[in-house]
Each structure stands twice: as C-alpha cells, then as structure tokens.
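Dear colleague,

Please find below the structure that I am handing over to you. I would be grateful if you would look at it before reading the notes that come after it.

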Amino acid sequence: MHVGWAFVLKKWLASLLMPLNVSIILLLLAFYLCLKKRAYLACLPLVGALTIMILTSNYSWVFNRLYSLERQYPQPTKIANRFDFIIVLGGGHVSDPSLSPIEQLSEASLLRILKGIKLAKANPGARLIVSGYGGSDPKTNAELMKLVATQADILPASIITIPKAQDTAQEARLISIYIGQRPCALVTSAIHMKRAMKYFQQFSNHITPVPTDYLGKQLQAPLSSYQYLPDPIVMSRFDAYWHEKLGIAWEELQQKLPQWSQ
C-alpha cells in the first residue's frame with residue numbers, strides 16, 4: 001500500500017517526541033558535552049533525561065494522567081436496539097501466519113473488535129464497520145478484524161471494511177460516506193476516544209462513544225512498595241497517553257492553519 005511522504009514524516013516526528021527517544025537524545029547530548037569536557041553543561045540534559053524516565057515510568061504519576069483522559073466518555077447505559085452502524089477503529093496487528101487471526105491482532109484491536117461484536121449482536125440488523133490499513137504488513141487491520149467477526153458468527157454481508165484509512169482523520173472521512181446522520185456506536189480505545197470523537201463529530205451528530213481497552217485502572221488496594229519502582233510497562237502506557245496528546249495538538253494545529261494562511 002502506498003504511504004505518502006507527509007504521513008511518514010508525521011510518524012517520524014511523533015516517534016522522535018516519545019519520552020524514550022527524547023531521553024536518548026538528551027543522554028547523547030550529555031555524552032557529547034562530557035567528551036568536550038563541559039561536565040557542568042552536561043548535567044542539564046542528563047537531569048532532563050532522568051526526570052523524563054523516572055516520571056513516565058511511575059505508576060501513580062502516569063495513572064492520574066491516563067484516568068483523566070480515558071474517563072471523559074462513560075459507557076452508554078443502553079446498547080440494545082439503538083444503533084444502525086457499529087464503527088470499530090483499527091488498532092494494529094501482525095499477520096503472523098503461524099497464529100490464529102485473533103492472536104494476530106494487537107491487544108487494542110482485539111478488545112475493540114470484541115466490543116464491536118457484542119454491540120453487533122445486541123443490535124440485530126446493524127452493520128459493522130471495521131477499519132485500519134496494513135502499512136508494510138501484507139494484510140490490513142480491517143481484513144483481520146472482519147475475519148475475527150465472521151468467526152464469531154457475524155454475517156460477512158453485514159460487515160463493511162475500510163482498509164485504506166491510515167489515520168483517524170481518514171477513517172472519519174471515509175466512514176462518514178456510509179453512516180450519514182444515522183445512529184452509530186464508535187468503538188475505540190478509551191485513551192483514543194477524545195481525538196476520535198473530534199474527527200467523527202465533524203461529519204455526524206449521532207455518534208455514541210463506546211470506549212474499551214482502558215489503560216488507567218483504579219486500584220482497589222494500596223500500591224506495594226515495589227510498585228513505586230520504575231516500570232517499563234507503565235512507560236509504554238504513558239507513550240499511549242503522550243501519543244494522544246500529540247494527536248490532539250496536531251488536530252488543533254490543523255484547524256488553525258487555514259486562519260494563519262489568510
């Protein structure tokens with residue numbers, strides 16, 4: 001599948017702004033300053049790198065940010081006989097032929113399509129829309145999610161695939177052609193829901209958010225002492241949070257660009 005240079009550039013920039021990559025760049029800068037015998041100056045990027053790594057791998061600090069973003073849209077109280085379309089956004093996969101289709105999906109994609117299947121069965125006659133491109137993978141995310149849905153007894157004829165959408169903005173634009181102003185459920189990860197709703201509400205006033213795949217979960221017991229130590233899993237969750245914050249900022253910037261060009 002052809003990927004435009006602007007899309008690749010956006011992905012590169014987003015990756016470089018992830019906490020781990022920023023920390024590595026700062027550490028390299030500190031190392032360079034040490035080689036130049038500027039130890040005092042080297043302390044600044046070194047402290048910056050350590051601060052980023054410690055904060056973004058701390059459960060309590062990361063949880064507060066995840067929770068505030070993920071809980072903006074509550075679960076709908078009524079899901080039966082309410083929707084004409086069930087929209088499930090793509091969330092990544094690796095089409096390893098030695099694994100079953102359900103195992104090829106990422107955790108985010110799997111939880112999204114399982115929620116979509118549940119909604120589809122609670123809304124007989126509704127059409128299931130699955131999206132997501134493949135990138136360099138030979139299969140698309142939409143293709144795999146459709147296969148998982150059909151294995152769960154969802155009729156193939158009731159499934160619409162959107163395999164060419166590379167990001168949320170494209171998903172919203174392409175899917176809007178099918179849904180019009182009919183009542184729809186939008187299924188995506190809770191952390192992604194705010195950004196997704198911003199795009200879909202540009203095309204429809206009848207979108208109901210149905211979040212899933214929560215990363216920030218309220219513990220029912222105090223943290224154990226070892227849980228205060230830096231944790232790479234926590235850092236990966238903060239990456240998801242930061243990715244969304246960058247995406248929201250990019251969407252807001254795009255809205256302002258036409259004003260700047262006037």
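The notes below go from the whole chain to two annotated spans and then to a single residue.

Please keep in mind that this is a predicted model. The protein chain contains 10 helices and 5 strands, and its C-alpha trace spans about 70 × 55 × 40 Å along the principal axes. Of its 262 residues, 39% count as buried. Among contacts with a separation of 6 or more, 74% join residues 24 or more positions apart. The accessible surface is about 14800 Å², and carbon and sulfur atoms contribute 62% of it. As for charge, the chain carries 26 positive and 16 negative side chains, and the centres of the two sets are 6 Å apart.

An unreviewed UniProt entry lists residues 12-33 and 39-62 under "transmembrane region". In the model, residues 12-33 are 91% helix and 0% strand, with 26 Å between the end C-alpha atoms. Residues 39-62 are 92% helix and 0% strand, and their end C-alpha atoms lie 31 Å apart.

Finally, I would draw your attention to Thr140, which is found in the loop between β2 (127-131) and α7 (141-151). Thr140 counts as buried because its relative accessibility is 17%, and the cut-off for buried is under 20%. The side chain of Thr140 comes to 3.0 Å from the backbone nitrogen of Glu143. Beyond its neighbours within four places in sequence, Thr140 is in contact with His93, Gly132, Tyr133, Gly134 and Pro163.

With kind regards

Note on methods
Residues are numbered from 1 along each chain as its sequence is written. This is a predicted model: local features need pLDDT of at least 70, side-chain atom pairs count only at pLDDT 80 or more; totals for chains, interfaces and linings use all residues. Side-chain values use heavy atoms; hydrogens and water are left out. UniProt positions are given in the numbering used here, feature names are shortened, and annotations may be inferred rather than shown by experiment. Helices (H or I, at least four residues) and strands (E, at least two) are DSSP runs, numbered from the N terminus. Buried means under 20% relative accessible area, exposed over 50%, partly exposed in between (1.4 Å probe, protein chains only). A polar contact is a pair of N or O atoms within 3.5 Å; within protein, one must be able to donate a hydrogen and the other to accept it, and residues adjacent in sequence count only if both atoms are side-chain atoms. Contact means heavy atoms within 4.5 Å. Accessible areas come from the Shrake-Rupley method with a 1.4 Å probe; for residues, only the protein chains shown count as cover. Lys and Arg count as positive and Asp and Glu as negative; His and the chain ends are not counted. The place of a charge is taken as NZ of Lys, CZ of Arg, CG of Asp or CD of Glu.
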